[in-house]
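Subject: Structure for your files

Dear colleague,

Here is the structure I promised to pass on. My notes on salt bridges and on one of the helices follow below it.

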Amino acid sequence: MTTHTRSLGSTGPQVSALGLGCMGMSPLYGEVDRAESIATVHAALDAGVTLLDTGDFYAMGHNEMLIGEALRTAPAGLREKALTSVKFGALRDPDGGWSGYDGRPAAVRNFAAYSLQRLGVDHIDVYRIARVDPGVPIEETVGAIAELVEKGHVRHIGLSEASAANIRRAAATAPIADLQIEYAIITRDIEREILPTTRELGIGITAYGVLSRGLISGHFTRDRQLGAGDFRAVSPRFQGDNLQHNLDLVEALRKIADEKGVTVAQIAIAWVLSRGDDIVPLVGARTRERLAESLGALDVTLDAADLAAIEEAVPADAAAGTRYPAAQMSHLGTEH
């Protein structure tokens with residue numbers, strides 16, 4: 001595996017070319033193995049991955065505590081290189097329900113205090129609200145994070161799933177390191193307006209969902225049964241005819257991958273890597289085996305012919321179904 005680094009925008013830190021998205025290590029996509037999750041974080045750090053992404057609302061703090069344990073038990077040299085990226089603001093209830101977002105300055109400070117404790121760190125490297133709170137001007141939310149930066153509790157300010165207009169307003173308030181947003185071969189909405197805006201402003205992209213929650217990993221099958229607690233059980237792209245259509249796209253990708261002697265997942269990750277040095281894909285590996293496969297994408301080079309073949313096999317907007325259920329779509333900065 002080749003080691004690479006990229007910058008999170010013009011104001012952000014140097015990070016590994018791939019980051020580890022840890023959401024799947026909490027029970028949002030079915031059952032998880034805590035010991036294997038921690039071992040996977042350790043393996044990622046050992047392989048040179050520096051960016052660990054989480055959210056304080058992932059299983060109501062479970063994910064942050066998991067990362068905290070992984071950091072405490074990692075060798076000191078690796079622990080010191082780890083950078084934490086944290087999303088906040090999503091409101092939960094004891095039954096696992098969702099109750100909107102809170103971007104008030106007092107709430108920002110409150111969320112940060114709890115995250116620092118759960119993670120066991122003295123600062124968060126990149127801090128961002130998960131979705132812009134429609135009831136609070138983005139300037140107030142970002143301003144509150146900027147105060148945390150001044151006090152040393154946060155190093156850099158990020159955004160997540162923000163519209164182009166909100167990105168501009170945020171950047172006029174304080175330096176923004178990156179925007180976290182979904183980007184994949186079958187999810188290319190950001191290319192219309194979001195990506196040109198971040199590039200104009202010198203803001204990096206951390207791309208989540210590069211394998212579309214496993215849909216284009218090459219490992220998801222039509223007959224797979226999803227548990228009631230698995231987010232994909234209600235995701236439109238995993239339902240009925242949509243799933244059939246989308247897995248047909250995966251088979252088209254598999255032909256390209258087979259010709260190059262790599263896996264579908266590696267093709268999908270390499271495609272996101274190819275979109276620009278300002279983009280850092282987050283891989284959601286839950287096991288060391290899947291992590292090793294994802295890291296192999298760093299050694300995959302896609303030439304012009306490969307990219308043209310991928311474009312022909314899976315054109316923009318080829319996917320069937322929106323990426324979230326209808327009730328959640330209004331909180332997103334892009335159409336799908």
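To start with one side chain: does arginine 34 count as buried, partly exposed or exposed, and at what relative accessibility? Arginine 34 counts as partly exposed, at a relative accessibility of 34%. Please keep in mind throughout that this is a predicted model.

Arginine 34 is paired with glutamate 69 in a salt bridge, where the closest N and O atoms are 2.9 Å apart. The pair ties together parts that are 35 residues apart in sequence, because arginine 34 lies in helix α1 (residues 34-46) and glutamate 69 in helix α2 (residues 62-73). Glutamate 69 also counts as partly exposed, with 26% relative accessibility.

The total number of salt bridges in the model is 21. Two others deserve a description here.

Glutamate 147 and arginine 109 form a salt bridge, with 3.6 Å between the closest N and O atoms. Distant parts of the chain are linked by this pair: glutamate 147 sits in helix α5 (residues 138-150) and arginine 109 in helix α4 (residues 105-119), 38 residues apart. Glutamate 147 is partly exposed, its relative accessible area being 39%, and arginine 109 counts as partly exposed at 37% relative accessibility.

Aspartate 277 forms a salt bridge with arginine 6, and here the closest N and O atoms are 3.6 Å apart. The two residues are 271 residues apart: arginine 6 is in strand β1 (residues 5-7), while aspartate 277 is in the loop between α9 (264-273) and β12 (279-283).

As background, an α-helix has 3.6 residues a turn, so residues three or four places apart point the same way. Glycine 202 follows α7 and has a positive phi, near 75°.

Regards

How values were computed. Residues numbered from 1 in each chain as written. Predicted model: local features only at pLDDT ≥ 70, side-chain atom pairs only at ≥ 80, totals over all residues. Heavy atoms only, no water. Helix = DSSP H or I, 4+ residues; strand = E, 2+ residues; numbered from the N terminus. Salt bridge = Lys/Arg side-chain N within 4 Å of Asp/Glu carboxyl O. Buried < 20%, exposed > 50% of the residue type's maximum accessible area, 1.4 Å probe, protein only.
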